[in-house]
Structure formats: C-alpha cells, structure tokens
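I opened the file to look up a few things and note them down. The entries follow in the order I took them.

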Amino acid sequence: MKKYVLQLLLLTTLLNVVNAQEKRDSNKVKVVGLPLFFYSPDTRFGIGAGGIATFRTPLSPQASSVTFSFAYTQRKQLLAWFPYQLYLGKGKYLTYGEVGWYRYQYQFFGIGNEYADDYLEKYTAQYPRVRFTFLRNLKKGHALGLRLALDDVKIVNYDSSGLLLQKSIRGWDGGRSAGAGLVWWRDTRDNRFYPGKGSYLETSFYLEDQFTGSNFQFSRASLDVGKFFTLGKKTILAVQAMGTFTLGTDVPFFNLAQLGGPRRLRGYFEGKYRDKHLLLTQAELRQEGFGRFGGVLFLGTGAVFGTPEESIKWRPNGGLGIRYQLDKKQKINLRADYGFGVKSQGFYLTFGESF
C-alpha cells in the first residue's frame, strides 16, 4: 500500500509572512499563510494554500482563530475548509466548528476488525459540511451548549470490485447526515493552542433521525479528556483519552467512529479502522528550545469494535515530529509528524497540535 508523501513546502514564503506579521504587533488581527505543492497516490499532484488568522474579540481573555485551507488536485478533487474557534460576549460564549465543501477520493478498508490489512477499495464523494458548537461558559471553566452537524453526501464514483457496490453497507449510496446534541465542556488549560498545564474535558450526546433532517437514525455518546504537565522549563507531557459509543443499527459507514489520520493514531491511514464504538489513548512528549523549532515524540493505542461482547483488538502507534512556531506569543505551531503503526506509516503536515 502506498503512503502519502508531501514533496515540497515553500518555507521561504512562510518565514517572510511570519516575520512581517510579528513586526505589526499592534494589529488586532494576525494572519499567517503559505502555499503548498504536494503529491499522493489518491490525488496525484496538487496545489493549495492554507493559513490561520488569530484575533481577540472585545474584552475577551482568549484569542479567537479561523483556519483556512484550499486545495485542488490533478484528479480534479476540490477541498475547501474553514475550522474556527471564536470567543464572544467578553469570553462568556464560545463557538467552534467547521464549514467546508469537499470532493475527494476516499479509501475504505471495511468495517470492524475482520478484514485483511491489505484490503482496500476507493470511492469518490462530494458534500458540504457544517459543524457548529455553541457553549455558554458557567463557573470554574465549565460550559454547556448545543451542537449541530450536517454532511450531505453524494457518492459519485465507486471501485467496481468493492463492497460498496454490493449495496449491503448502510450509506453505500450516500445520504444526508444531520443531527443535534448537547455538549458539556470543562477547560483549565493555560493556552488553547499549546498548553503547558491544565486539562480539558468534552462530553456529548448526539442524535440523528427524521426530526433532525437526517436520512439515518442513531445516537452517539462521546468523551474526550486531555491533561498537560510541565516537566521542565520547555518540556511538556500531554496525555489524551477518548471513547465513542453508538446506539442503533441505522448508521452510515461514513459516520462510524474511525481511527487513523493526523489526530487519531498517526501512522494509520485515516479511517483504516471503523466501527460503532471506539477507544483511544495517546501521549506526547513536547520539547521547545531550538529557536522557533521544537520536537515531539508520541505513542498511543486504539481500538474499534461493534458490540460490547467483542474481543477488543488494540492498534498501537508511535512516531516523532517537528514543530515550527508561527506565532511566538500565542504559541501557534506548524506541525510535521511521521507516525508508525502495524504494517503502516504516514506523514502529516498541518496547523496546531493533534490534541
């Protein structure tokens, strides 16, 4: 199986943009951007641009951010996505999520743990995506709010010898996934972009059915916990644990819990393992101190399963990475990681930490 390879990053342009921005510290809005030139087996050659804008709303104690990314590939794939995190009302309210539009060739490795490691089929899907979470801050770092989500998926191309064309997998022909849920959040981190101490906890309950505008019917409970320890002047230990549990049988395959990719077990392809339930734990040792550059060592393990009675099969990973500090004051990093899994490996380049 071929792996994704990033061939060229125009760092000279990035450095010029960063230096120009830091000379204008009086500006309320800081924008850092860079062009990209890349290659992967699924996309062939591609070009794009990405960046991050940070700013403070009036009297807010925290910095807000909007990340922007565009890419177009030789296979006529188009990706445009805008993750955001905004603090409003003097910091009383927090909203975060993503708006995007995608046309992309995905890899499908089957559902559950019974497929051979080399099983792979490809399909192309296009869809708009909206993710919206709105929280009201309470006391001592607690917040409570509402989450809305929408993916209107149209599958436009299939692998002629794959499982999806057998029409037995729910969501094989796409569909509208739309739902709503409640979110409880607690955050005591000293920095949202690169915490050195404190913790966060997000727990949510999410529902999809005809009343939320979905073509599917299921519910999901999830928990995400992170803890951060300062071990030395510039050394940080970060630990994360996650759990996702899905109720109902009417779940499309593209909405099942997934392992792999740039945030959940780097070293495995995104979606390499998927099923109704997920468990994950990972840790990073983060080191600053080489000018704008830093380093990271990481390891973890995770599992997916379909029923509580199923024997859990853990998937370990590990790897190392390099960080380049785009913004020294707010500690916003460009992240380059190389991860290793079992018979699998991968390179990842993006903004911000994995958790």
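**Second largest cavity**

I listed the residues that line the second largest cavity: Lys30, Val31, Val32, Ile52, Thr54, Leu326, Asp327 and Ile332. I sorted this lining by class and got five nonpolar residues, one polar and two charged. I then asked which strands supply at least two residues each to the lining. They are strand E2 (30–40), strand E3 (44–55) and strand E17 (315–327). E2 gives the most, with three residues. For the volume of this cavity I have about 50 Å³. My search of the whole structure turned up two cavities of 30 Å³ or more.

**Confidence**

I note that this is a predicted model. The protein averages a pLDDT of 88, and 90% of the residues score at least 70. Where is confidence lowest, and where is it highest? I found the lowest in strand E1 (residues 5–9), at a mean of 37, and the highest in strand E11 (residues 217–230), at 98. Over residues 1–27 the pLDDT is below 50, although this stretch has 60 contacts in the model beyond near neighbours in sequence. Where pLDDT is low, the predicted coordinates should not be read in detail.

**Leu138**

I looked up Leu138 and found it in the loop between strand E7 (121–137) and strand E8 (142–157). Is Leu138 buried or exposed? Leu138 counts as exposed because its relative accessible area is 52%, and the cut-off is over 50%. Leaving aside neighbours within four places in sequence, I have Leu138 in contact with Ala143 and Leu144. I also checked Lys92, which is 46 residues from Leu138 along the chain; their C-alpha atoms are separated by 7.8 Å.

Terms used: Residues are numbered from 1 along each chain as its sequence is written. This is a predicted model: local features need pLDDT of at least 70, side-chain atom pairs count only at pLDDT 80 or more; totals for chains, interfaces and linings use all residues. Side-chain values use heavy atoms; hydrogens and water are left out. pLDDT is the predictor's confidence in each residue, from 0 to 100. Helices (H or I, at least four residues) and strands (E, at least two) are DSSP runs, numbered from the N terminus. Contact means heavy atoms within 4.5 Å. Buried means under 20% relative accessible area, exposed over 50%, partly exposed in between (1.4 Å probe, protein chains only). On a 1 Å grid over the protein atoms alone, a cavity is a set of points where a 1.4 Å probe fits but cannot get out, and a pocket is an open set with protein on both sides within 12 Å along at least five of seven lines; lining residues have an atom within 4 Å of a point. Grid points are joined across faces, edges and corners, and a volume is the space filled by probe spheres set on the points. Ala, Val, Leu, Ile, Met, Phe, Trp, Tyr, Cys and Pro count as nonpolar, Asp, Glu, Lys and Arg as charged, and the others, Gly among them, as polar.
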